[in-house]
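This report describes a single protein chain, from its overall make-up to selected residues. Please consult the sequence and the structure while reading.

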Amino acid sequence: MAKKITRIPATKALYTNAPLAEARKKKVCGYARVSTDHEEQQSSYEAQLDYYTNYIQAHEDWEFVGMYADEARSGVTTKRRDGFKKMVDDGLSGEFDLIITKSVSRFARNTVDSLTTIRKLKEKGVEVYFEKENIWTLDAKGELLITIMSSLAQEESRSISENTTWGRRKQMADGKVSFNYHWFLGYDKGEDGNLVINEEQAETVREIYKLYLAGLTCTAIAKELERQGRTSPANKHWHDGTVKSILTNEKYKGDALLQKYYTVDFLRKKMVKNDGTVPQYYVEDHHPPIVSAEVFERVQREIERRKNLPHDYRGGSIFASKLVCGECGCFYGSKVWHSNDKYRKIVWQCNGKYYRPTKCKTAHLKEDEIKEYFMKAVAALWKDRETYIEDIEILKEDATKLDSIKEQMRKAKAELKQIAEAVENTIYDNAHKAQDQGEYQKGYEELVGKYEAKQSEYEALEKKLDDTKAKAEAIDDFIETLKKMQTPTKEFNMWLWGSMVENMTINLNGSVTFNMKSGMKITVK
């Protein structure tokens, strides 16, 4: 007997659970996106808005609920696409039933993002229609087609990213430099496309270099710039990180180091610091400098010096880490006396004064007294500057014997080469001749130990050479400063203080001794 099968039709929608017999217009929205804000893309953006508004309204069974759009947003990630995220949230909340968009690549170039979003919407009965590919996501074949098309879109993004990266690196190799003028203090883009100095902003840059060489820290400089009301990059508040970036940016001396950072992931657009993974390019004399190469290098040496101090550098004032107690060797620190009355004043005294069994007897000093001592020292220098210059040049000759260090380095390098050859010969002999492996290992380890010891010696000589060169440059700077002094200064000069004084020792007998960066000492009573 044949079976009788009767089909009972569905009365509710598969995803929405809404009665099928219910006549209701489908709520539809459109989504448009362009990935850049170039003029040609702007017209594409407006065209998408206009097209889909008319397209949806032309369907009698569709109810137009609006357009969602993202302008100048990349499709490889949905993180910064506010219009896209709002559309998804509204769809999950039941604000509409269908999304119309131009293509899979307009929706998302990231396969994972695309599928995850579509599945979330599908669970709530919201469909997406991709016009170009003619894909309906509630269709049985929809997800397979979406996977294929999203993968193709993602690969297209990868190709575009790689081509863009190649083009930028080719420009770098040719010495072409691009700048973010919005964040780059001190320069404007000229009519010919080249950098021109913005003198008002450049004065702030020079002030930063001057304050740092005078002894202030980046934090103290930021506070001083805020106090002066000086303009910062992008008109934001001054921070120590901003100051440090200006102090270490080679562009302020007219050069440009290219590819300091690079993109490691084209999907997330993640930028990381270049530690040697990709090539860098250094372009000299690319544009007019704001500070001289000499001043820039002095700042870099001072940054390195402060970093290598055995204690934390405190430079909230130009006198911090400069005043030394002649009795215990501690630095002087600032103290506020009578902080709550009319006799309030700032004094400098030994930081170890109250932490030793016997209190230091060195005197405390007011800032005006420190300045007065310095001006006396400068006056003494100016009075006998010719004699001082001769003495300093003799000091330089004795203190900076570069030839001797270079000769030691040459010998050490030759010995390193000999030891390396001996190691290679030992390994070769062991591979080609039968030997006692215990004796071989012992000889090998002795040679490796000698190589490592000699390598350490060579590196120490390299550092000594660098330090000696820095000292020679400091002495040259000191001599140049003396030569430029046409008359004795009548007012305290912060720049002179920072460029000339290594530290100032306060002696028990009431005198002070200035230890100059040239290596000479001047005692003032």
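Of the 525 residues in the chain, 38% count as buried; the model from which this value is computed is a predicted one. The accessible surface of the chain comes to about 31700 Å², and carbon and sulfur atoms hold 49% of that area. The secondary structure consists of 14 helices and 18 strands. Among contacts in the chain with a separation of 6 or more, 62% are between residues 24 or more positions apart.

**Nonpolar cores**

In soluble globular proteins, nonpolar side chains tend to be buried together. In this model, the largest nonpolar core contains 64 residues, and the residues with the most contacts inside it are Tyr209, Tyr252, Trp497 and Phe514. Helix H6, residues 199-213, supplies the largest share of this core, namely seven residues. A second, separate core has 16 residues, including Met87, Val88, Ile99 and Phe107.

Once neighbours within four places in sequence are left aside, Tyr252 is in contact with Phe184, Leu185, Tyr187, Val205, Tyr209, Ile246, Pro289, Ile290 and Val291.

**Thr217**

Thr217 is found in the loop between H6 and helix H7 (218-228). With a relative accessible area of 17%, Thr217 is classed as buried, because the cut-off for that class is under 20%. A polar atom of the Thr217 side chain lies 3.2 Å from the backbone nitrogen of Ala220. Apart from neighbours within four places in sequence, the residues in contact with Thr217 are Arg306, Tyr313, Arg314, Gly315 and Gly316.

**Cysteines**

How many disulfides does the structure hold? The structure holds zero disulfides. Cys325 is in no disulfide, and the nearest cysteine sulfur to it belongs to Cys328. The sulfur of Cys330 likewise has that of Cys328 as its closest cysteine sulfur. The table gives the values for these two residues.

| Cysteine | Closest cysteine sulfur | Distance | Relative accessibility |
|---|---|---|---|
| Cys325 | Cys328 | 3.8 Å | 2% |
| Cys330 | Cys328 | 3.6 Å | 30% |

Notes. Residues numbered from 1 in each chain as written. Predicted model: local features only at pLDDT ≥ 70, side-chain atom pairs only at ≥ 80, totals over all residues. Heavy atoms only, no water. Core = buried A, V, L, I, M, F, W, Y, C linked by side-chain atoms within 4.5 Å. Buried < 20%, exposed > 50% of the residue type's maximum accessible area, 1.4 Å probe, protein only. Helix = DSSP H or I, 4+ residues; strand = E, 2+ residues; numbered from the N terminus. Contact = heavy atoms within 4.5 Å. Areas by Shrake-Rupley, 256 points an atom, 1.4 Å probe, with all protein chains shown as cover. Polar contact = N/O pair within 3.5 Å; in protein donor to acceptor, adjacent residues only side chain to side chain. Disulfide = S-S within 2.5 Å.
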